[in-house]
Amino acid sequence: MEWADLVSGVLAAAIPMAVPLLLVGLGEMFDQRAGMFNLGAEGIMMMGAFVAFFIDLKLQTPWLGLLAALLVGAAFGLLMGLVCVTFRSPQGIAGIGIYMLGWGLSGTLFRVYVGGPTPIQGIASLNLSSLRGVPYVGSVLAVLNPMDYAAFFLIPLSGWLLFKTAWGLKARAVGTTPRAADTLGIGVSRVRYQCVVLGGAMAGLAGAYLSVCQAKMFADNITAGRGFIAVALVYFGRWSPWGVAVGAAIFSLAVAAQRLIQFYGAKFPYELALVIPYVLVIVVLACSRNRDKSEPTALGKPYYREYRG
Amino acid sequence: MKKTYVIYNIAVVLVALLIALLIGAALFAVAGGNPITAYKVMLTEPLRGAFGVTETLVRAAPLMLVGVGVAVSFRSGILNIGGEGQILMGAVSGAFIGLSLPGLPKFLLVPLIFLAAFAGGALWGGIAGWLRAYLGVNEILSTVMLNYIAIQLYTYLLRAPLIDPQELAYGTGIPQTAQLTRNAWLERLIPGMRLHTGLIYAIIIAVLVYLLLWKTTLGYRMRVCGAEPLAARYAGMNVSRYLLLAMLLAGGLAGLAGAVELCGVHRRALEALSAGYGFSGIVVALFGGLHPLGIIPASALFGLLIVGADMMQRAVTIPAHIILAIQGLIILAVVSSALFITHRGIREKILGRFGWKEEVH
């Protein structure tokens, strides 16, 4: 029985860690597939987390909060599109601008309108007693958050959207050979805008998950780098939904296992233990550099319609 | 003809700044303050007295050092977002030297601390540079991750091995080192004010970096590797090595900013020593046109904004945190404005509206 306890313990810790990474990572995957490198995801997550938290606090309607976070995220995506598609700015540095804007604004609004740590109702976990019988994982699956199931469902949905629809083909074309896509009459800017808005909305939702489903409160810098980690996971996952999901799963399992080991006695300064996820990201990036055909070749490159060649 | 372009370029950047500040005004309104009063306090209050002016310059010194480092890295084709971590690693390395050699005379101790701080920052920047140059790891992601790692490492060092023995004796346990001995302090320039010689050192270093980048072969090669890496490789330059060098230098300069804060302002290493300079330095560098001589005035301007934001917080109860959002807007506006400067068609069109015609060659 001890093994079952260990497995369910690690899973119970890993799933809430993986879901926000999965949500923002899937969004970032659409961004990058279309050639848009959105480093602002971290800042957008913070905005989403704050907006959802605030609406739940004031109106006691967490689902409306999630919707608002989606919209705010989409608005930030639109801003990213304006700066990087219309004005063709370098995407890396523009993303840092979006990050600082989202961080500064969410922190300011929190200080002005809330002030200190305030708990909210949030979205409660389900209690599906019928799932309890499943060996090993039953006790975990039975008490997941509804948003967890939604996130799992989004993996095949994203795959279908990206690989099985005409729009997905357009998005991938725009990210690999924008010139050819343009020649075929695909509006490169238009598709890139759509992807960056979708990515922004997903980042907003991921932030909302942190405040409304997980912490059930808001704190400055609540995201703690998850937006950046998700960008790295997209590289690791080779720009495919299942790849991103596997990346998020491995990453969360590793971190959860490490925490559990630490909990059961291993003496280690906790600041140094907190470093492990970030070191892991760097290792992951160093290992996933080998080029293959899935990499969007126009990633990070602004498209100049009027230039030749 | 060239003069028109210079005026045009400056006008474009100023319009971009104005747009950023206008959107910023909307943020002030959302945060429940009067934007006009807020801006008035922020931009004029620090200039009303010696305290505000000297504090502005105190902030300018680290901003200048980080900004110049960011300019070196950007010009060499690598984006250094890791200023925060590099400042902390520089400060903690400097503090370690300062605490272990307290009896050394000043003319030895201060340079040693600065050297150690440069090395600490350079190590942190160099990791990202090496990962990018030889393993192809995106430097933005690696520097961001190294920021998070540095913060934890720094806190750990201040909490355990380097903690002030008095904090342990009294049981208060504030994570900070003991105060450095007087031989490690930078002189204050005006009695009663915090302004210290670090500003002068920062200006000298900025000018040196300008000379390095624009007046030496090494600097030329670094800029070529940034502007046209393929051409640089074709010309026989080892692009990877110059990328690594640029990050070592950028990290080292941020480390020096840590030393300036350590020896000039706090006289000990304490929590939140980096105070956001790592990110603000990016804004300063972009606003200063990625040129050391533009960064010197830009750092004073952003020093003013940071001090002004603190004063505004007291005057109109908008949190000073909002300055982060304003800086984000300034980044977005400045990078967006580049299109109007580099794109010839757009430039001629706008200048044409003002009745200006391109000379025919």
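The following legends describe close-up views of a predicted model.

**View 1. The largest nonpolar core and its most connected members.** The largest nonpolar core holds 230 residues, among which A:Ala232 and B:Leu65 touch the most other members. Helix H11 of chain B, spanning residues 239–266, contributes the largest share of this core, with 18 residues. Leaving aside residues up to four places away in sequence, B:Leu65 is in contact with B:Ala202, B:Ile205, B:Leu253, B:Ala254, B:Leu256, B:Ala257 and B:Val260.

**View 2. The side of chain B that touches chain A.** Between the two chains, 39 residues of chain B are in contact with 38 residues of chain A. On the side of chain B, the elements that give two or more residues are helix H5 (106–135), helix H6 (139–159), helix H12 (277–287) and helix H14 (322–342). Sorted by class, this side of chain B consists of 28 nonpolar residues, ten polar residues and one charged residue.

**View 3. Helix H4 against helix H12 in chain B.** The axes of helix H4 (residues 83–100) and H12(B) come within 6 Å and cross at roughly 125 degrees. The crossing of H4(B) and H12(B) is right-handed. From H4(B), the residues B:Gly83, B:Glu84 and B:Ile87 take part, and they meet B:Tyr277, B:Gly278, B:Phe279, B:Gly281 and B:Ile282 of H12(B). By class, this contact of H4(B) with H12(B) comprises four nonpolar residues, three polar residues and one charged residue.

**View 4. Helix H4 against helix H5 in chain B.** H4(B) also packs with H5(B), where the two axes come within 7 Å and cross at roughly 145 degrees, and the crossing of H4(B) and H5(B) is right-handed. Residues of H4(B) in this contact include B:Gly85, B:Met89, B:Gly90, B:Gly94, B:Phe96 and B:Gly98, while those of H5(B) include B:Leu112, B:Ala116, B:Phe118, B:Gly120, B:Gly121 and B:Trp124. The residues of the contact of H4(B) with H5(B) divide into 14 nonpolar and nine polar, with no charged residue.

**View 5. Helix H1 against helix H9 in chain A.** Helix H1 (residues 2–33) and helix H9 (residues 188–215) of chain A pack at an angle of about 170 degrees, with their axes 7 Å apart. Angles over 145 degrees count as roughly antiparallel, and H1(A) and H9(A) are therefore roughly antiparallel to each other. Among the residues that H1(A) gives to the contact are A:Pro16, A:Pro20, A:Glu28, A:Phe30, A:Asp31 and A:Arg33, and among those from H9(A) are A:Cys195, A:Leu198, A:Met202, A:Tyr209 and A:Gln214. By class, the contact of H1(A) with H9(A) has 17 nonpolar, three polar and three charged residues.

**View 6. B:Leu158 and its surroundings.** B:Leu158 lies in helix H6 of chain B and is buried, with 26 other C-beta atoms within 10 Å. Although B:Leu158 and B:Ala269 are 111 residues apart in sequence, their C-alpha atoms are 7.7 Å apart in space. B:Ala269 is one of the residues that B:Leu158 touches, together with B:Ile163, B:Pro175, B:Gln176, B:Thr177 and B:Glu271, not counting residues up to four places away in sequence.

**View 7. B:Leu212 in helix H8.** B:Leu212 lies in helix H8 (residues 198–215) of chain B and is partly exposed, with 16 other C-beta atoms within 10 Å. When residues up to four places away in sequence are not counted, B:Leu212 touches B:Leu218 and B:Gly219. B:Leu212 and B:Glu271, which are 59 residues apart in sequence, are 34 Å apart in space, C-alpha to C-alpha.

**View 8. Loop residues with positive phi in the two chains.** A:Trp239 lies in the loop between helix H10 (226–236) and helix H11 (241–263) of chain A, and its phi is near 60 degrees, a positive value in a residue other than glycine. With 22 C-beta neighbours inside 10 Å, A:Trp239 counts as buried. In chain B, B:Ala275 is placed in the loop between H11 and H12 and has a positive phi of about 50 degrees although it is not a glycine. B:Ala275 is partly exposed, with 15 other C-beta atoms within 10 Å.

Methods: Residues numbered from 1 in each chain as written. Chains lettered and ligands numbered in written order. Predicted model: local features only at pLDDT ≥ 70, side-chain atom pairs only at ≥ 80, totals over all residues. Core = buried A, V, L, I, M, F, W, Y, C linked by C-beta atoms within 7 Å. Buried ≥ 20, exposed ≤ 12 C-beta atoms within 10 Å, placed from the backbone. Helix = DSSP H or I, 4+ residues; strand = E, 2+ residues; numbered from the N terminus. Contact = placed C-beta atoms within 7 Å. Nonpolar A, V, L, I, M, F, W, Y, C, P; charged D, E, K, R; others polar. Axes fitted to C-alpha atoms, helices over the stretch in contact; angles between N-to-C directions. Left-handed = near helix turned anticlockwise from the far one by under 90°. Parallel < 35°, antiparallel > 145°, perpendicular 65-115°, else oblique.
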